[in-house]
Amino acid sequence: MLKNSQDTNKTGNVAIVIGATSRIAVSLIEDLANDVRFTKIVAISRQFSDKAETSFGHKVSYFQSDYSEKSISKICEQLRSHKGKISRVFICNGILHDSHLQPEKRIEDIKPENLHKVFEVNAIIPMIWIKFLKPVLANEQGCVVTVFSARIGSIEDNRKGGWYSYRASKAALNMLLKTAAIEFERVVKGTRFLVFHPGTTDTPLSKPFQKYVSQNKLFKPEFVADQLLALIEGNSLDKSIQFYGWDGEEIPW
Ligand SMILES: NC(=O)c1ccc[n+]([C@@H]2O[C@H](COP(=O)([O-])OP(=O)(O)OC[C@H]3O[C@@H](n4cnc5c(N)ncnc54)[C@H](OP(=O)(O)O)[C@@H]3O)[C@@H](O)[C@H]2O)c1
């Protein structure tokens with residue numbers, strides 16, 4: 001069993017946050033920066049300039065990435081300097097809508113280019129990170145890799161239908177992660193995966209759909225970040241991969 005809280009009781013821990021402008025990621029970075037057990041937080045986003053300023057001094061390092069394989073492999077090469085200390089990775093990227101695409105209500109709404117885009121952001125980019133992180137995490141003990149998925153990606157839980165590309169891309173992400181976890185169990189033994197559903201959270205991603213959600217079910221990013229960190233600390237991650245919600249409940253695959 002992975003004793004997560006024991007692993008981070010030592011100081012000098014490093015956390016890596018990818019997709020770091022996500023509102024939930026911003027709250028995670030703040031929590032981690034205020035945690036004395038962490039000495040470095042590496043934050044990565046499309047949206048940072050190389051000289052991004054931080055209110056946390058040198059504790060947070062900012063990297064810009066266009067999420068191409070070239071950029072991801074280059075950053076992972078630099079992350080090797082933290083080998084032996086990386087105890088947390090968070091991959092927060094996700095897209096539901098943008099100026100060109102909206103979640104599909106009916107099968108007639110499916111457009112190949114939108115399916116490609118949503119799969120690229122929600123399933124492919126996270127896996128490219130995991131591919132290049134594999135050698136970086138090879139000898140870590142007690143590292144938890146959290147990837148933001150969504151309950152809507154649960155095949156068993158699909159009762160309402162709709163939102164084809166978002167739903168299917170998160171289901172694909174879950175399967176890709178489960179497959180990676182089986183491989184890591186053999187060769188990157190100290191790493192566990194947490195597939196995380198944050199619940200409906202007040203961020204740009206959910207903004208257009210919040211009118212359908214009751215106020216007590218619309219969470220603040222700070223609350224979700226606290227729930228996630230408590231879940232990781234809670235010693236319940238005793239398998240190579242688990243799919244959990246913000247409330248600590250396991251979600252069927
Ligand atoms: N909010 C919710 O209600 C909710 C519910 C279920 C699941 N989730 C999941 O939670 C995660 C975090 O979402 P959030 O609610 O915090 O959303 P958010 O604040 O809108 O953040 C969007 C995230 O997606 C990345 N992203 C957006 N467009 C991208 C693109 N074209 N290419 C690469 N990356 C892109 C951003 O990375 P950069 O920093 O690089 O821009 C950022 O990490 C997502 O995976 C989402 O699917 C959210």
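**Packing of helices α4 and α5**

In this predicted model, the axes of helix α4 (residues 112-137) and helix α5 (residues 164-187) approach within 9 Å and cross at roughly 20°. Helix α4 is therefore roughly parallel to α5 (angles under 35 degrees, on a scale from 0 to 180 degrees between N-to-C directions). Axes are lines fitted to C-alpha atoms over the stretch in contact. The crossing of α4 and α5 is right-handed (the near helix is turned clockwise from the far one by less than a right angle). On the α4 side, the contact (C-beta atoms, placed from the backbone, within 7 Å) involves residues including Leu115, Val118, Phe119 and Ile130. Helix α5 contributes, among them, Tyr166, Lys170, Leu173 and Leu176. The contact residues comprise 12 nonpolar, 4 polar and 1 charged.

Residues are numbered from 1 along each chain as its sequence is written. Local features need pLDDT of at least 70 and side-chain atom pairs pLDDT 80 or more, whereas totals for chains, interfaces and linings use all residues.

The protein holds 6 helices and 7 strands (DSSP runs of H or I, at least four residues, and of E, at least two). From the N terminus, their order is α-β-α-β-β-α-β-α-β-α-β-α-β. The radius of gyration, taken over C-alpha atoms, is 17 Å, close to the 18 Å of the globule rule for 253 residues, so the protein is as compact as a globular protein of that length. That rule is 2.2 Å times the number of residues to the power 0.38. The C-alpha atoms fill a box of roughly 50 × 40 × 35 Å along the principal axes. Of the 253 residues, 40% are buried (20 or more other C-beta atoms within 10 Å of their own).

Note on methods. Angles under 35 degrees count as roughly parallel, over 145 as roughly antiparallel, 65 to 115 as roughly perpendicular and the rest as oblique. Two residues are in contact if their C-beta atoms, placed from the backbone, lie within 7 Å. Ala, Val, Leu, Ile, Met, Phe, Trp, Tyr, Cys and Pro count as nonpolar, Asp, Glu, Lys and Arg as charged, and the others, Gly among them, as polar. A residue is buried if 20 or more other C-beta atoms lie within 10 Å of its own, exposed if 12 or fewer, and partly exposed in between; C-beta atoms are placed from the backbone.
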